[in-house]
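Subject: Structure for your review

Dear colleague,

Please find the structure below, together with its sequence. A summary of the findings follows it.

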Amino acid sequence: MDFAQHLPALQVIVPLLAAPLIVLLQPRGFAWAATTATAFFSFAVSIAIAVRILAGDILRYEMGGWFAPIGIELRVDAFSAIVLLIISGAAAISLIAARNSINQQIEDHRQPLFFAAWLLAIAGLVGMVVTADAFNIFVFMEISSLAGYILIAGGPDRRTLPAVFKYLIIGTIGATFYLIGVGMIYMMTGTLNLEDMAQRVVGIEDQRPILVAAAFVFIGLALKAALFPLHVWLPNAYTHAPHMVTVFLAACGTKVAVYVLLRFQFSIFQSFGEHLLQFALFLMPLALLGIIVASLVAMFEGHLKRMLAFSSVAQIGYILMGASLMSDSGITASTLHMFNHALTKGALFLAVAKFATQYADLRIDSLKSAARSMPLTSFAFVIAGLSLIGVPGTAGFISKWQLIMAIMETGNMGFIMVAIVVISSLIAVGYIWRVIETLYAIPTDDLPDDAADVSVKPEKIDMLLIALIFTVAMNIYFGLVPGLPLTLAELSSKILLKVEF
Amino acid sequence: MSPQLAIMLALVVPLVGAALIAITGRLHDNLRETVTLITATLLAVIVWSLVPLILDGERPEVTLLQVMPGIDIGFRVEPLGMLFATLASSLWIINSIYSIGYMRGNKEKNQTRFYICFALAITATMGLAFSANLFTLFLFYELLTLSTYPLVAHKGDAGTVKSARVYLGVLLSTSIALLLTAIIWTYHVAGSGDFVLGGILRGLMDPASVGLLLALFVFGVGKAAIMPVHRWLPAAMVAPTPVSALLHAVAVVKAGVFTITKVIVYIFGADYLFSLPQSGWLVYLAAFTIISASLVALRQTNLKRLLAYSTIAQLSYVIMAAAILKPMAEIGAAVHMVAHAFGKITLFFAAGAIYVAAKKTDIAQLRGIGRRMPWTMAAFSIGALSMIGVPPTAGFVSKWYILGGALQAGHYVAIFTIIASTVLNAAYFLPIVYMAWFEKEDTSINTNTSVIKEHGEAPLLMVLALTITAALTIGFFFFNGTVIELEKQIVPRLDSS
């Protein structure tokens, strides 16, 4: 058996098995190093998978040699590959940058456990993506969620606890809904293998249970994906989580739920009656509302992390709006934006984490004149912010271009949607520029000069800063040469639109 | 040097210059200024080397990279862009000389950042001028906005930041909201955004949509400052004067009218637009902007604000000329970009020289200043005459062509507007000239000090710069053949009309 065939299994197994071993690594720094090494291995596996996919393969792996649909099958196509890249890339970059920030926020003796949870989160997230089994997705979803609660609750801030509790309740409801939905489909089709399910669902006479199941799956995953108005858990969770955890989760957390959501809606229910039309008509207004409302809230939000969290809610709106167009170009734009937004929001939260090393208070006002002491971080924030706005030359611009292009294909009705995309970009200009002006404001002279100097230490060049600059550079690179994500996104859209499972 | 190499160098040289300025800025001021001047000269030489080729009808192109299928970052030199690039790169040298005098004379802070951003703005201008398609144009259009923002906000105090916010807010929002939509729409309809003589949209859209698309372009290009998206220009007056010169003469507003002219000539096609009644509103809008901006200018007491409103009016001259859609008017639009640049840069240089030498900003303070600063005020007078359009200045040449185009089209509103605005221009410029030369210095209204500040001319470098531009303003009246030759190429069917 060719080694490459084991890649999908390795993607899950390695972080899953490494997690309990990490717990044993008590000496300071070891747990971090081992976790980072594992994450980079995962990233390498994802890249290897992406290379195979781009060569035209679809990777299948039968667990334990049991063939599908009897055994559990792992299955990786272009859509999975791009999401795998997002997850493992986000994990690798946030972990390698995490050392100082985590040392600051997590006590030494808890670090091994914390990093073990992080690996479990990675394993759960990639597991949801590689598996081709509906129940397996649920299991991995629970692994990633439980590990995620631990990660978010890990911070020193006691306000994380109510935030996590809220997330826990909502997350559990979401997972339960998903399970109910899957159970109903299983009842009607007798299979849990997604491919098999897609084939059997077509012939079913009594459609009602399947429609209800589709609704359950949709709501459950929409909760996990923080689709407006089911997003209420997200801002607090992002705001109070340890800074590096926010980087990781903001880059990939909700996108995996979006992945499963699109997988189910398109691959399984696509040829099922009027379902897809209903889905689109239901999703589109929510996505549009989410874009506008969340952007407006971000505009008036005083806390930097929470502002960016609300911006994430708006961006999920973009992603789902693209999907709700149900066209080739729409889904391409949507998938591409998953990738680009991960890069952009990852960079922004990395900058936030870097600011947090010197500023305890992350309200926007208290970051006044931060550019004096942290010029590189501030400049990186500016570039990443421009990518969020969608200024040409950045990754954000490419996805916006694709999205508007896709909307225009729909004809005259599209102008309302174009207007909404455009207006929310303008709001993004507003909330990003507010931060930039504060960062570059001239310090007021009510403090004596020496007092200002004590509180402001010069920017230290560490892994966090290097990771930040790297991510920002990637934002520009993929803004000028978007070939890789674009190709994967185009392949994904073909896969989702043809029932070729 | 192959033309392809020259195009790439025109982009790379100012970029490298910016980097070198950043490095040398830490070492020594004189070294940094030398880098600026050498870069500017080198760029001008490179850009000028392309002129003979373009005159011969060649159109060298380079494709840098393919961003998405059908969407390239590419460059293609054509007469309009050639003119704009030549203008901007040549004026950059003079502007740099002036900047050095101004920034030092005024003891400004953060001079290194100033020169870096200036070089970046020139890079953006070169990219914009040479862009082969709308996508590339948009990329550099935004880069120009962003690189000039730190220049406008240079002083950094609360009032300046607020004005800079208006600057950035208007330019960024109009471009993201309207221009980007227009560009994507164009790509969607035509399948490409390449600049092709005669346009790429013929027969692809219904006439009403063409009118709408034109509106998206015109209002999306906030840099052209057509009303009501003109507010950023007076707001940007908080910038140091060399920046105002950059905004008004060298790059920014020129980029605006350049974009609009280019879109009309190469995306819509002037003939095609002329055949559609849905495009007629543009002349009226431009005429309205000309008249009302002139009326507002009449009421200004601050010299730089007056010049800002005068620019708004002059920009709409270019737009109106382009919108008349007749060959002579299209040439007039291009020529007016040059003529206005020479005149307005002279006026701003003079205003800055007055500020540095005498700290005077209000028009009322200028009584009798001609005797203290004869060179400056002589240049100012020449610039003012050019704005009015009196021979022998540059302004007369372009007005001649625009008027010719208006007569070709039989467009009476345009003809009337030109006449009325000439009167208005004279009404707000001539009193200043008169006051400066023929009235006695007034001691009662000095803003900063109660005694008259004894002052002579501004620093030598500044006077040198404004003398050169004043000479150019007059020189262009006599030597404009090359420019006309060049721009005739954008209207291939001149003979038939």
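Predicted model: local features only at pLDDT ≥ 70, side-chain atom pairs only at ≥ 80, totals over all residues.

Which residues of α20(B) are buried? In this helix, which spans residues 481-488 of chain B, they are Val483(B), Leu486(B) and Glu487(B). These residues lie on the same side of α20(B), because they cover an arc of only 90° around the axis. Gly481(B) and Glu485(B), in contrast, are exposed, and they sit on the face of α20(B) turned away from its buried side.

Chain B as a whole may be described next. It contains 20 helices and two strands. Its radius of gyration is 21 Å, close to the 23 Å that the globule rule gives for 497 residues, so chain B is as compact as a globular protein of that length. Along the principal axes, the C-alpha atoms of chain B fill a box of roughly 70 × 55 × 40 Å. Of the 497 residues in chain B, 59% are buried. When contacts in chain B between residues at least 6 apart in sequence are considered, 81% of them join residues at least 24 apart.

I turn now to the place where the two chains touch. Chain B contributes 17 residues to the contact, and chain A contributes 19 residues. On the side of chain B that touches chain A, at least two residues come from each of β1 (61-68), α5 (134-152) and α6 (158-190) of chain B. The most is given by α6(B), with nine residues. By class, the residues on this side of chain B are eleven nonpolar, four polar and two charged.

Finally, there is a helix pair in chain A to point out. The axes of α1 (residues 7-23) and α2 (residues 30-54) of chain A come within 9 Å and cross at roughly 175°. Angles over 145 degrees count as roughly antiparallel, and α1(A) is therefore roughly antiparallel to α2(A). Among the residues that meet are Leu7(A), Leu10(A), Val14(A) and Ile22(A) in α1(A), and Ala31(A), Phe41(A), Val45(A) and Ile49(A) in α2(A). The contact of α1(A) with α2(A) has twelve nonpolar and five polar residues, and no charged residues.

Yours sincerely

Notes: Residues numbered from 1 in each chain as written. Chains lettered and ligands numbered in written order. Contact = placed C-beta atoms within 7 Å. Helix = DSSP H or I, 4+ residues; strand = E, 2+ residues; numbered from the N terminus. Nonpolar A, V, L, I, M, F, W, Y, C, P; charged D, E, K, R; others polar. Buried ≥ 20, exposed ≤ 12 C-beta atoms within 10 Å, placed from the backbone. Arc of directions from axis to C-beta. Axes fitted to C-alpha atoms, helices over the stretch in contact; angles between N-to-C directions. Parallel < 35°, antiparallel > 145°, perpendicular 65-115°, else oblique. Rg over C-alpha atoms; globule rule 2.2 N^0.38 Å.
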